[in-house]
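Let's take a friendly walk through this pair of chains, from packing to backbone details. Here is the model to keep beside you.

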Amino acid sequence: MTITAEFSLISHLLRRAGLGSSYDELQEYAELGYEAAVEKLLNPKSNPNFDYYEFIRRHPQADGPPGLLPGQMKYFYFLLNTKRPLEEKMALFWHQVFATGYSKVNDPESMLSQMDMFREEGMGNYRTLLIKLAQDPAMIFWLDNNENHKNAPNENWGRELLELFSLGVGNYTEEDVYECSRAFTGWTAEARMPVFPYGRHPWKFEFRSEDHDYSEKTFLGHTGNFDGEDIIDIILEQEACPRFIARHLYNFFVEDEPQVPAWNIEPPNNPEAVEYLADLLVESNYEIKPVLRELFNSDFFKESAYKRVRSPIELIVGTLRLAEDLIGPDPRVQEAVYQPGFMGQELMDPPSVEGWHTGKEWINSGALVKRVNFVSDTMSDVTLPGVKKIIGRVAEGSATMSPEVLVERCLEFMGPLPVKDKTRQELIDHAMEHGEVGWDEDSYEDSAEKAAVMLALIASTREYQFG
Amino acid sequence: MLTTTVQGRTWNFSHAIGHLSISAEGFLFPYSVVTTDSGFMYVLSRAPDPKEDDGNKRSQPNFKRIGKWKLEDEYISDFAQNDIIWPVSLAVDEKGFLYCTDEIKNMILKYNSEDQKVFEWGVEGSAEGQFSKPAGIASDLAGHLYVVDAGNHRIQKFTSDGHFIHCWGEFGSERGQFNDPWGITVDSQGFVYVADWGNDRVQKFTGDGEWLQIFGVSSPDALRLNHPSDVAVDSEGDVYVADWGNKKVQIFDSDGEILTSLHGDATEFSRSALNFLEVNQDYYKAFKRAKDKSRLGVFARPTSISVTKDDRIIICDATRQRLQVYDKEKGYMDPEYNL
């Protein structure tokens, strides 16, 4: 087939607004056309998701995980199998912004409940999301709001709400942090049953009025008897808030920005785009979906293909979905949940409340070796359904194939992935060592192996690390 | 409510067995329970998949196992740890041999009463005698084995040494067809009951596969089965269905009419849970401090049911890591109101 510009664009869309895709899935979206593909992604509830019952029948540990690994396995399964790519990608986005970690929470079910909330509300209203976040037991325990008492305020949640979840450094004072924290006193999680002897039970939000500070507070220039919801409303009125969220969206979906702690000193790469998204947030009254619609249809998004370093999750899940490996119940999923951690992105356990550092910081000598090994091992496995299909498409309609054509066709089905001339020449040089490949019955198996080596080499290129 | 009485029948909750434990007197996702006439019970712990320690991160040892117990809540031993990958179901034949299905290995494993593996058979495929995700397994009085071949949507009948006899069923939702079936049982008259998981029903057959009856589809909407995982029959012909999707056990009479539902009544700790709490006082304190204990006793995901010859009903409450035990009272009569 001829790769059109729109086909390449939809491939880009599925990498960014989704988690990559098999080639069949890419073709399904391509048949819709770009704008309709965006709408399909924006309306996940119209697509039935994977069979959850089949998943927990074969992975019962996901139905009430007693430890970190089964919890991560459940999350990883969602990433690999979702039929609602943007819903899952937005959950990952909020997991990055509102980073909460198992290392302290010690309760995978509560972490997974938070992820469910991100799936449900991720494309909804940011105000609703902030309120639900403030009432989320995993977040309450993670940022010590259970220790935030009327007579002894704890500022951890209040500070991070302002610094990392809504405004950014430089847009509030220490006094604001204290007053904000006072407004959230009494917002806690109820004492729940312990993991032993019968496993976890759901953890619920509890408001303790006797521990809430009902006295007057002055916050960001407003004075009154504020509670948590009032504080969130005042935050949303600040000019810094939509800009902060817009910059996060730009960083996650469009182009690598400096790390979040530097945002008060480093301007955005594309200030106009961030301002545009911020204005949209305000216009939509903080509804996220309309902003995403404009973002994915914008020129700055369409022109950003392969300009972002793929996060470990994007790299691993995108490659597995392309190769159609570990799709559906499989005992090897438990083993695979380690891979993102090896590359610096342990699911449900970010290094701190600041989340993961992104962009070039995903790449270091150790992580790069893991990344290259993982993707090349996967794409060289001719037994995997997706690899078999790619090879079948590469071979389609040709009795023999020159090294140049083999490289070109493999690049088409690996993205399509544009590579620099130097990279293309290196790939051709390798292919030339074997000369022409034949696709008749006698030579198919041998040629398939050669094509798989080429796919692995392409997956090992610098270009494939970007998405 | 610890006693359920309906139409002259009474089920009394007796006790819970086990707790969340990686070994010995407890379970890790108990997936199947089977009892013997000689007073023993085998419990299969499916457990999370193991992960070897490669020096980088946390490891996860293999806790999959079959536990052997006396029916009176006395742990004896664990075995089969290294034989099984994704074990699903257990059965005991009339000679006391134990069988275990494995849906990844596509095999049936056979153990003697000394817990030693004596035989195994099966390869992946769809031909006669081959398997795709074997699930439930049951034995009849003549020693035949019935295996739910879930991925092939059929039932296969074997001799006790693995020789294929015949099979029936195919994918679909018509009578005699299946959609990813799971549990199976054979009653004292040789009738075969299959938990047709994906079709939200139980089907009854003769031992030769002749279709007889459907349970669960004519019930009112609120009582419709939702992905039933297992089925068992007591000495009076009442049929117990593990209503996995609805997290309860439904009881039908032999005509297929719903009698009642059990939702789980284990509000008291099991013996082993009490032993655990006695030496782990922090957990006991945390339990005492917990605000909402209302759901302590209810089933979280019932997967398997076994009925003993004297109508003791043992239910795997998989996600709560325990068994719940009920006794059926026979010949019960409601007392006169004016007594």
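Two residues are in contact here if their C-beta atoms, placed from the backbone, lie within 7 Å. Please keep in mind that this is a predicted model.

With that in hand, look at A:Met454. Leaving aside neighbours within four places in sequence, A:Met454 is in contact with A:Leu406, A:Val407, A:Cys410, A:Leu427 and A:Ala431. A:Met454 belongs to the largest nonpolar core, which has 132 residues. Together with A:Phe76, A:Leu277, A:Cys410, A:Leu455 and A:Ile458, A:Met454 touches the most other members of that core. H5(A) supplies the largest share of this core, nine residues. Another core lies apart from it and holds 84 residues, including B:Trp197 and B:Ala273.

How many residues does each chain bring to the contact between them? Chain A brings 25 residues and chain B brings 38 residues. On the side of chain A that touches chain B, two or more residues come from each of helix H4 (52-58), helix H5 (68-81), helix H19 (332-336) and helix H20 (338-342) of chain A. H20(A) gives the most to that side, with three residues. By type, that side of chain A splits into 14 nonpolar, six polar and five charged residues.

Now for the backbone. Most residues other than glycine have a negative phi, and most peptide bonds are trans. The table lists some exceptions.

| Site | Feature | Angle |
|---|---|---|
| A:Phe196 and A:Pro197 | cis peptide bond | omega about 15° |
| A:Gly415 and A:Pro416 | cis peptide bond | omega about 5° |
| B:Asp73 | positive phi | phi about 65° |
| B:Asp115 | positive phi | phi about 70° |

A:Pro416 sits in the loop between helix H23 (403-413) and helix H24 (421-432) of chain A. B:Asp115 lies in the loop between strand S9 (107-111) and strand S10 (117-121) of chain B, and B:Asp115 is partly exposed because 15 other C-beta atoms lie within 10 Å.

Definitions and conventions: Residues are numbered from 1 along each chain as its sequence is written. Chains are lettered from A and ligands numbered from 1 in the order in which they are written. This is a predicted model: local features need pLDDT of at least 70, side-chain atom pairs count only at pLDDT 80 or more; totals for chains, interfaces and linings use all residues. Helices (H or I, at least four residues) and strands (E, at least two) are DSSP runs, numbered from the N terminus. Ala, Val, Leu, Ile, Met, Phe, Trp, Tyr, Cys and Pro count as nonpolar, Asp, Glu, Lys and Arg as charged, and the others, Gly among them, as polar. A nonpolar core is a set of buried Ala, Val, Leu, Ile, Met, Phe, Trp, Tyr and Cys residues joined through C-beta atoms within 7 Å. A residue is buried if 20 or more other C-beta atoms lie within 10 Å of its own, exposed if 12 or fewer, and partly exposed in between; C-beta atoms are placed from the backbone.
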